[in-house]
Amino acid sequence: MIRNYLKVAFRNLWKSKGFSAINIIGLAAGLGVCLLIVLYVLDERSYDRYNVNADRIYRLDADLYFNNTQFTAAVAPRPMAQTLVHDYPDFIAMVRFNNFGDVMVKKGNNWIQDHRSVYVDSTFFKVFTVPMIAGDPNTALNEPHSLVINETTAKKYFNSTDVVGKTLELEDHRICKITGVIQDIPIQSHFHFNFLRPLRDGYNQNDQNDWLSNNYESYVLVRPGVSRETLQDQLNRTVNSNMGRQLQQAVHASLSDLEKQGGHFRYVLMPLTDIHLHSNKSAEFEPNGNINYVYIFSFIAILIMVIACVNFMNLSTARSANRAKEVGIRKVAGSTKTSLIFQFLTESVLISFISAILALGLALLLMPMFNNLAGKELHAGMLFSGRILSILLSLVILVGCLAGSYPAFYLSSFQPIKVLKGSVASGFKGSLLRNILVVGQFWISICLIIGTLVIYRQLDFIRSRQVGFDRDQVLLIKNAYTAGDPILNFRKELKQIAGIKDATLTGDIPSEGNTFSQNGWFRDVSMDAKGVVVMTNMFVDEDYVPTLGMKMVKGRNFDPKDFATDSLGVIVNEATVELLGWKDPLNQKIYRPDFRKSTPSNLVPEEFHVVGVVKDFNYNSMHEKVLPMIMQLSDSRGMLAIRFQGGNIPSLLHQVEDRWNKMANGVPFAYTFMDNDFNQLYRADRQTGQVFITFAVFAILIACLGLFGLVTYAAEQRTKEIGIRKVLGASTGGLMTLLSRDFVKLVLIASLIAFPAAWWAMNQWLESFAYRVGISWWIFVVAGMAAILIALLTVTTQTIRAALANPVRSLRSE
């Protein structure tokens with residue numbers, strides 16, 4: 001019986017080649033795009049799951065709120081994780097990280113700027129599953145000046161992974177002995193390290209008992225079966241007993257006092273497997289993903305499959321007249337309704353199966369483009385994995401049954417007497433459900449068009465918006481700190497080069513993202529907790545403001561040559577003035593702990609005075625509002641920013657590099673441009689926008705393919721009507737209007753339904769940006785007109801063909 005079903009199904013597919021081709025191509029396109037989206041979603045949700053104990057690892061995150069200022073970060077005090085493991089058996093291991101960043105490594109006589117170096121506890125391998133190629137994970141980080149490197153780094157410096165016992169000289173001229181080589185950390189991880197160094201070798205060893213400073217990314221491994229609520233309760237008790245005591249000693253206020261004032265001093269357990277998609281805080285190791293984008297793409301995948309299925313259902317029911325006599329004869333010959341249903345479902349599943357094979361090829365073909373758009377590294381092996389093939393097989397059966405169910409029940413319900421008399425409704429107007437499905441298709445398409453326009457405008461807004469500083473024509477040398485004291489003279493020499501306007505040494509550049517420190521500042525010398533606010537700290541020199549093109553709205557810039565007191569001066573932004581309620585901010589006093597004299601239990605105040613107010617600028621992503629910020633005069637030498645002018649950039653770079661090589665004693669000249677770094681802050685948004693637009697185009701094309709098929713069959717079923725109208729004098733234009741009018745009406749109805757839905761959805765997306773465009777009325781007009789134009793272009797070919805056909809041929813049989 002099944003063999004007979006398949007034989008008949010193949011015969012019908014071959015008989016109706018046009019119908020089969022449209023359905024197979026539409027379903028293949030839908031399934032192919034869905035496969036790519038499924039791979040994307042699975043990849044995003046697989047982050048950090050390579051760890052054997054992934055479900056039992058948590059990160060300790062800070063969530064502090066004082067006087068309308070908030071600090072959320074992926075860091076905690078140094079003693080916190082260690083105390084949890086010591087005090088509570090439910091916490092069985094911990095590891096802390098510090099000073100993640102670049103490192104200078106000597107290779108031969110040259111220095112190389114390498115990346116992803118971190119200081120870490122020796123317990124790293126007890127918490128995370130990172131296999132070792134060489135060395136002992138239990139002892140690799142026990143000794144001072146030991147070093148664990150990854151496989152790629154070992155091959156880079158030694159062309160081998162058999163390097164345990166060898167040494168590398170790092171930037172501080174410290175000779176480090178290699179004690180282990182680890183496999184490269186998988187791509188699906190929220191952190192990646194090339195160099196692991198013992199935490200005891202870190203720069204700051206004076207914070208062993210400091211509960212008020214948050215400088216360490218801290219992770220804990222917990223016992224199986226313990227609820228998150230129990231663990232959070234134990235963490236809260238640790239915070240209250242230890243941090244609460246130091247807070248009381250330092251600012252004479254308890255944690256409950258802060259809560260009474262509307263503030264809080266909390267730490268939360270962030271599950272390791274949630275970090276990539278649910279965390280975007282200060283001090284993240286790397287930019288994370290966004291769960292909302294996973295939801296959006298998953299929804300688009302469903303919409304695309306709905307459109308493809310609707311195409312099948314519409315075309316199948318539209319051509320019902322073509323198969324009506326077949327159904328009637330089969331029923332007269334003794335076929336049951338059940339057997340007819342199985343026959344039609346077999347045809348739909350067969351189409352779905354053939355489409356799935358083509359979909360695999362399409363997904364392989366589109367994968368390089370998709371990887372480029374989405375910033376992924378998907379590969380063919382993932383597409384042919386057991387998991388994906390089982391998902392594809394499920395989709396084949398599901399789509400085949402769902403898309404074929406209505407046509408199967410609809411066609412099998414024909415009464416043989418009515419069918420053989422020719423009284424079955426046919427034509428485009430023959431089905432209310434079919435019209436509803438077409439409206440649904442174009443509702444989806446119009447929503448996607450509106451989404452595409454809004455996303456494009458927002459991304460363009462990000463690129464062109466004035467952010468409060470001039471990021472164009474700024475050269476960044478990020479390893480300036482490696483040059484030592486000579487970098488000061490180097491900066492002076494640069495200013496003598498024609499084309500260089502200014503240069504500044506700083507560790508804080510706005511294009512670097514969430515890398516700034518946050519500190520508590522006090523309104524008065526009493527250092528009372530009621531007056532504390534958390535603000536972003538930037539450490540700059542007197543050339544910072546002019547070099548980055550910032551605007552002073554009150555007061556002046558730093559000028560330590562003429563004002564010796566500027567060593568205790570600060571520049572604040574407009575958000576700080578608003579927060580503190582200063583009517584005249586100049587010479588206002590503000591205090592912070594003097595870290596040279598203070599202890600965790602006794603904060604000694606240090607007084608600063610405001611010398612100027614800088615116009616607000618976006619030092620973080622435009623997803624966030626500009627928060628209170630304070631600049632201090634500093635001799636920080638982390639990076640060198642150089643403002644230049646003129647068009648001969650290669651010549652300018654050559655002059656800067658030549659002077660660098662004479663000064664830097666073998667340290668390589670490594671640079672970037674500030675505008676490029678700024679664009680990297682929005683790489684994820686840009687990639688998401690590109691992928692969304694691409695998928696939207698695919699969805700619209702699939703919808704048009706179905707519409708093309710419908711017009712084809714509608715024209716076929718009205719062939720005699722068109723012939724009679726032409727004989728009676730109807731014009732070609734009139735006939736085109738006749739055939740197109742019904743479709744245009746459906747598109748207009750779809751537009752009216754789509755506008756409010758699209759407005760709501762895009763407003764929700766724009767809410768993630770603190771600075772965003774509005775959704776203008778013309779976007780809806782353009783989307784509606786575009787949908788009508790797309791529909792008309794789709795139907796034009798067939799309507800012209802039908803209108804120009806010789807009426808004699810269509811009426812010959814009458």
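Keep in mind that the model is predicted. The protein has 814 residues, and 52% of them count as buried.

**Overall picture**
- Take the contacts between residues at least 6 apart in sequence: 79% of them join residues at least 24 apart.

**Nonpolar cores**
- In soluble globular proteins, nonpolar side chains tend to end up buried together.
- The largest nonpolar core here has 120 residues.
- Within that core, Phe 297, Met 538, Met 550, Phe 617, Met 631 and Phe 695 are the ones touching the most other members.
- Setting aside residues up to four places away in sequence, Phe 695 touches Val 33, Ile 37, Phe 297, Ile 300, Ile 304 and Phe 370.
- There's also a second, separate core of 36 residues, and Leu 64, Phe 91, Phe 265 and Tyr 591 are among its members.

**A look at Ser 445**
- You'll find Ser 445 in helix 15, which covers residues 432-464.
- Is Ser 445 buried or exposed? Its relative accessibility is 3%, and buried means under 20%, so Ser 445 counts as buried.
- Beyond its neighbours within four places in sequence, Ser 445 is in contact with Ile 307, Ile 700 and Ala 703.

Conventions:
Residues are numbered from 1 along each chain as its sequence is written. This is a predicted model: local features need pLDDT of at least 70, side-chain atom pairs count only at pLDDT 80 or more; totals for chains, interfaces and linings use all residues. Side-chain values use heavy atoms; hydrogens and water are left out. Helices (H or I, at least four residues) and strands (E, at least two) are DSSP runs, numbered from the N terminus. Buried means under 20% relative accessible area, exposed over 50%, partly exposed in between (1.4 Å probe, protein chains only). Contact means heavy atoms within 4.5 Å. A nonpolar core is a set of buried Ala, Val, Leu, Ile, Met, Phe, Trp, Tyr and Cys residues joined through side-chain atoms within 4.5 Å.
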